[in-house]
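Take a look at the protein below. This report walks through its parts, from single pairs of side chains to the whole chain.

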Amino acid sequence: MTAPHVLLTNDDGIDAPGLAALYEELTGVAEVTVVAPTDNQSGTGRTRTHRTTREDHPWGYAIDGTPADCVAYGVGGLDADFDLVVAGCNHGPNAGNYVVGRSGTVGACVEAAFLDIPGIAISAYHAQDFFVHPPEEYDFGRPAKVARELLVRSQSVPVFEEADVLNVNAPVDVPESSMRLTEPHHDYAVDVEHEATDRDEVDIGKPREGDIAIRDVVWPNTVGWESPFPADEDLRERYPEGSDRRALVEGEVSVSPLTAPALSVETGSLQQVVDGYNDSERARERAHEEQRRD
């Protein structure tokens, strides 16, 4: 079997240790070309900037843009045919439906799906500390090995005939963690504070008069967003079996098969709305015609 050609990207930047771990692991089983952002592009989803610049890199190219830009450039701008896009290892988990939708790591694979190429989005978490920050202090070898195993095993079974993207969250601190098939948990809230006087770490500048803070609450009812894994059995039971967050709480590898682009659904009630709209338009047209005749 010919080794697959992998387009490797991320949203933490081309110099991120998570990407280096993936490159080292995947080159043993695939031809790997790296096209990754010049700097950190976390949380950009599938945003495209449309204009960019390129710099050579020993593993491929650094693109001054988003992960989706990198995929689009790799697929359309290089003289290469890719079998798979792999994005990661992200410096922190991408679990829960809302977070998955915003993730630049997952967004790269969604962009690939639009271009008819399947993808694996791999994110790393710490079963005790939750976030792997600062990333330089963590070993991304375990999540990278998980990605390699999924790539190899998916070559012999028709995984990507049914799914476009595998969203994977793997622990860095559980060496023999089992793998669980999951779906993103639907758990999200938002907190709006008027006249906010503080600034988040990612913000730039000092507070201004009239500042409004709009904060995502992606793990509601947890003690601190930075560490939502307290030693509390109630937290375990909050997330149902089969959800990606339950797998994370239990220190497992979570694999969620996703489809992209979004698929249309059949709905009889919406058809009633469409029919009613068309009936009204036809009635107005008849009325206008009668007015013209008069």
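## Salt bridges

A salt bridge is a side-chain nitrogen of Lys or Arg within 4 Å of a carboxyl oxygen of Asp or Glu. Side chains of opposite charge can pair when their charged atoms come close. The model shown here is predicted. By this rule it holds 18 salt bridges. One of them joins Lys145 and Glu25, with N and O 3.8 Å apart. Lys145 sits in helix H5 (residues 141-154) and Glu25 in helix H1 (residues 17-26), so the pair ties together parts that are 120 residues apart in sequence. Are these two residues buried or exposed? Lys145 is partly exposed, at 43% relative accessibility. Glu25 is buried, at 15%.

Arg48 and Glu111 form another salt bridge, at 3.1 Å from N to O. This pair also links distant parts of the chain, 63 residues apart. Arg48 is in the loop between strand E2 (31-37) and strand E3 (54-57), while Glu111 belongs to helix H4 (residues 104-114). Arg48 has a relative accessible area of 32% and is partly exposed. Glu111 is buried, at 4% relative accessibility.

## A network of charges

Some salt bridges join up. Arg180, Glu241, Arg246, Glu250 and Glu252 are linked in a network of salt bridges. Within it, Arg246 pairs with Glu241, and their closest N and O atoms are 3.2 Å apart. Arg246 is buried, with a relative accessible area of 7%. Glu241 counts as exposed, at 54% relative accessibility.

## The sheet

Strands of a sheet pair through backbone hydrogen bonds, either parallel or antiparallel.

Asp56 has Tyr61, in E4, as its bridge partner.

## Helices on the sheet

How many residues of H1 are buried? The count is 7 of its 10 residues, so H1 is mostly covered. They are Gly18, Leu19, Ala21, Leu22, Tyr23, Glu25 and Leu26. The cover includes E1, E2, E5, E6 and H5. H5 also holds Lys145, the salt-bridge partner of Glu25.

Ala30 lies in the loop between H1 and E2. Ala30 is buried, at 10% relative accessibility. What does Ala30 contact, leaving aside its neighbours within four places in sequence? Its partners are Ala3, Pro4 and Val6. The C-alpha atoms of Ala30 and Arg148 are separated by 9.2 Å, although these residues are 118 residues apart along the chain.

## The whole chain

Now step back. The protein chain has 294 residues, and 46% of them count as buried. Its secondary structure comes to 8 helices and 11 strands. The C-alpha atoms fill a box of roughly 80 × 50 × 40 Å along the principal axes. Among contacts between residues at least 6 apart in sequence, 75% join residues at least 24 apart.

The chain is divided into two parts: domain 1 (5-184 + 237-258) and domain 2 (266-293). Their C-alpha centres lie 48 Å apart. An unreviewed UniProt entry lists residues 6-182 as "domain: Survival protein SurE-like phosphatase/nucleotidase". In the model, this span is 29% helix and 25% strand. Its end C-alpha atoms lie 25 Å apart.

Conventions. Residues numbered from 1 in each chain as written. Predicted model: local features only at pLDDT ≥ 70, side-chain atom pairs only at ≥ 80, totals over all residues. Heavy atoms only, no water. Domains from an automatic or database assignment. Helix = DSSP H or I, 4+ residues; strand = E, 2+ residues; numbered from the N terminus. Buried < 20%, exposed > 50% of the residue type's maximum accessible area, 1.4 Å probe, protein only. UniProt positions renumbered as here; feature names shortened; annotations may be inferred. Pairing = 2+ DSSP bridges. Contact = heavy atoms within 4.5 Å.
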